[in-house]
Every structure is written in structure tokens, then in C-alpha cells.
Amino acid sequence: MASSDHTILQFAASSTTTLSAKVHPLVIFNICDCYVRRPDQADRIIGTLLGSVLPDGTVDIRNSYAVPHSESQDQVALDIDYHHNMLSSHQKVNPKEVIVGWFSTGSGVTGGSALIHEFFSRETTNPIHLTVDTGFTNGEASVKGFVSVHLSIGHQQLAAQFQEIPLDLRMVEAERIGFDILKTTAVDKLPNDLEGMEASMQRLLALIDDIYKYVDDVVEGRVPQDNKIGRFISDTVASLPKLSSQDFDKLVNDGLQDQLLLLYLASLTRTQLGFAEKLNTAAQIL
């Protein structure tokens with residue numbers, strides 16, 4: 001039986017295919033701020049991502065800065081001196097932060113992304129490409145992460161392809177409220193403290209309802225049990241402080257009194273500044 005030779009087209013084996021990243025909200029806010037302040041003739045902005053690699057291999061993206069650039073259909077020019085000066089300034093403050101990738105605004109990967117990614121591949125190994133859709137293509141500012149995977153035939157490398165990786169956007173509740181507002185295309189007004197607390201409580205109640213439904217489904221046998229989820233729920237419940245209704249009311253009232261005291265002091269300071277301004281004006285007239 002005659003044997004036939006087959007040419008195998010394959011992706012080069014790399015750990016980047018299982019790479020994941022954790023993005024801090026400061027990075028997203030900074031990218032959006034740089035996009036608002038971009039030059040009039042610029043369609044998008046690009047910049048450098050700073051952070052570190054955690055022991056489990058997750059890339060922790062904690063900071064960023066924009067890099068001036070110009071691009072056309074077939075070439076991209078970066079201000080490399082500015083990039084290196086900004087990196088040196090950042091590392092004077094946070095020496096543990098290193099280059100972990102680069103970002104761009106837009107709905108996804110473009111033709112010039114490969115050229116920019118090649119430059120950052122010389123700055124660090126396995127850089128991450130983060131995209132922020134500031135044009136609200138799908139009605140919100142979506143955030144995606146990509147890595148470059150080599151496409152080869154045998155030992156000969158042909159090209160590189162961008163593959164999406166999972167992103168973990170972890171943030172505290174105050175940051176979550178700001179990020180939810182940032183994702184929408186239009187906002188009538190920013191929420192005050194009471195409205196923000198109301199939104200947080202509604203989200204908390206929805207999560208409690210989801211957990212209650214999951215536990216009920218597991219008990220009734222409609223959903224298979226997961227020991228990892230069960231331990232997580234148990235640890236969460238055990239971490240709650242054991243307070244009686246009287247202790248809880250006292251805690252809330254003490255917090256309310258503190259807030260009212262701050263409001264009173266702020267109002268008193270504002271009144272004193274108003275009196276001082278009027279006295280200075282009267283003294284200049286006399």
C-alpha cells in the first residue's frame with residue numbers, strides 16, 4: 001500500500017493558549033481618559049500595559065499609559081523615546097511593575113496590530129493585547145484581551161494569529177458602580193451616595209436569590225452538587241459577623257451619626273470661608 005505525505009498546518013505549542021489576565025479598573029478608566037484627550041486627527045490611541053505575572057501564571061494588569069503614534073494602512077510609527085521615558089518614570093514609583101503588553105481603543109484587532117505587537121514582543125515575552133471599545137459598537141464599552149499564537153508548517157513559521165483570552169475584571173463595589181456607568185452610551189446624571197448604595201443592595205439581593213435558587217436545586221437533585229461551590233458558600237456565610245438586631249441597629253446609627261457630623265463640619269467650613277471672603281472684600285473697598 002502506497003504511503004502519502006501530508007503537510008500539517010499547526011499552531012506552535014505555547015503556554016499563551018491557556019493564559020489569563022486580571023485587569024484593574026484603573027487601567028480601563030485611564031484608557032478612556034486618554035481616548036477623550038486624544039489629538040483631533042487620531043482615530044484611536046495605543047499604549048503600554050504595566051503589571052506583573054502572578055505565581056499561578058495569571059497576568060495582573062495594574063497600570064497603563066498612552067504612547068504617541070501615527071499610523072497608515074501599511075505602517076505604524078511609535079514614539080519609542082517617549083515610551084521608554086514613561087516606563088522609567090513609572091518604575092521609579094513602582095519598581096515591581098513591568099511591561100506586560102499593550103492596549104488600543106477600538107472594536108478589535110486591526111491590520112496594524114501585528115506590527116505593534118511585534119514591537120512589544122521585543123519589550124517582553126508573550127505580551128497581552130487589550131482592546132477597549134470606546135465607540136460602543138455593541139451598545140457598551142466591551143473589553144477584550146488577545147495573545148499572539150504562531151501558525152507554522154512543520155518547523156517553518158508562517159504567520160501569527162490573535163487569540164482571545166479570558167479576562168477577570170475584579171473591582172470593589174464603588175469601582176463597579178463607576179464602571180457600569182462608563183459602559184453605557186449616555187448617562188443623565190451621576191448617582192449620589194444613596195443611589196449608589198441602592199444599586200449595590202439590589203445587586204446583592206439578586207446574587208443572594210441566585211445562591212438560594214442554586215442551593216435549593218442541589219437539595220432537590222435538579223443540579224449536581226459542586227464541593228468547591230459549597231465550600232465557597234460556607235466560607236462566605238462563616239465570615240459574616242454574628243450581630244443581633246440591636247447591635248446591627250446601633251452599628252447603622254453610629255455610621256449615620258458619623259456621616260451627619262461630616263456634613264455639619266463641611267457646611268461649617270463652607271460658611272467660614274464665605275464670611276472670610278466677604279470680610280476681605282469689604283476690607284479692600286474700605
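Trainee: Which residues does Gly112 touch, not counting residues up to four places away in sequence?

Mentor: In this predicted model, Gly112 lies in the loop between E7 and H3. Its relative accessible area is 13%, and buried means under 20%, so Gly112 is buried. Once residues up to four places away in sequence are set aside, the residues that Gly112 touches are Arg44 and Val76.

Trainee: How far apart in space are Gly112 and Gln75, C-alpha to C-alpha?

Mentor: Along the sequence, Gly112 and Gln75 are 37 residues apart. In space, the C-alpha to C-alpha distance between Gly112 and Gln75 is 6.9 Å.

Trainee: Is Thr125 buried or exposed?

Mentor: Thr125 is found in the loop between helix H3 (113-123) and strand E8 (128-132). Its C-alpha atom is separated by 8.8 Å from that of Gly101, a residue 24 places away along the chain. The relative accessible area of Thr125 is 68%. Since the term exposed applies over 50%, Thr125 is exposed.

Trainee: Which element gives the largest share of the largest nonpolar core?

Mentor: The largest nonpolar core has 22 residues, and those with the most contacts inside it include Val27, Ile28 and Leu49. Two or more residues are given to this core by strand E2 (21-23), helix H1 (25-36), strand E4 (59-67), strand E7 (98-105), E8 and strand E9 (143-153). Six residues form the largest share, and they come from H1.

Trainee: How many residues are in the second, separate core?

Mentor: Among the members of this second core are Leu50, Tyr65, Trp102 and Phe120. The core is separate, and its residues number 10.

Trainee: With which residues is Asn63 in contact, leaving aside its neighbours within four places in sequence?

Mentor: Asn63 is found in strand E4. At 14% relative accessibility, Asn63 counts as buried. Leaving aside neighbours within four places in sequence, the contacts of Asn63 are Val27, Thr48, Leu49, Leu50, His90 and Glu97.

Trainee: How many disulfides does the count come to?

Mentor: A disulfide is a covalent bond between the sulfur atoms of two cysteines. The sulfur of Cys32 has its closest cysteine sulfur in Cys34, at 9.3 Å, which is too far for a bond; for the sulfur of Cys34, the closest is in turn that of Cys32. Cys32 counts as buried at 13% relative accessibility, and Cys34 counts as buried at 18%. With a cut-off of 2.5 Å for the sulfur pair, the count of disulfides comes to zero.

Trainee: What is the area of the nonpolar surface patch that includes Leu205?

Mentor: Leu205 lies in helix H5 (residues 193-220) and is exposed, with a relative accessible area of 51%. Together with Met197, Met201, Leu204 and Ile208, Leu205 makes a nonpolar surface patch. The area of this patch is about 490 Å².

Trainee: What percentage of the accessible surface of the protein chain belongs to carbon and sulfur atoms?

Mentor: The secondary structure of the protein chain comes to seven helices and 11 strands. Of its 286 residues, 25% are buried. The accessible surface comes to about 20100 Å², and the part that belongs to carbon and sulfur atoms is 57%.

Trainee: Among contacts between residues at least 6 apart in sequence, what percentage join residues at least 24 apart?

Mentor: A contact here requires heavy atoms within 4.5 Å. Among contacts in the protein chain between residues at least 6 apart in sequence, the part joining residues at least 24 apart is 60%.

Conventions
Residues numbered from 1 in each chain as written. Predicted model: local features only at pLDDT ≥ 70, side-chain atom pairs only at ≥ 80, totals over all residues. Heavy atoms only, no water. Patch = residues over 30% accessible without salt bridge, like charges linked within 9 Å, V, L, I, M, F, W, Y side chains within 5 Å. Areas by Shrake-Rupley, 256 points an atom, 1.4 Å probe, with all protein chains shown as cover. Salt bridge = Lys/Arg side-chain N within 4 Å of Asp/Glu carboxyl O. Helix = DSSP H or I, 4+ residues; strand = E, 2+ residues; numbered from the N terminus. Buried < 20%, exposed > 50% of the residue type's maximum accessible area, 1.4 Å probe, protein only. Core = buried A, V, L, I, M, F, W, Y, C linked by side-chain atoms within 4.5 Å.
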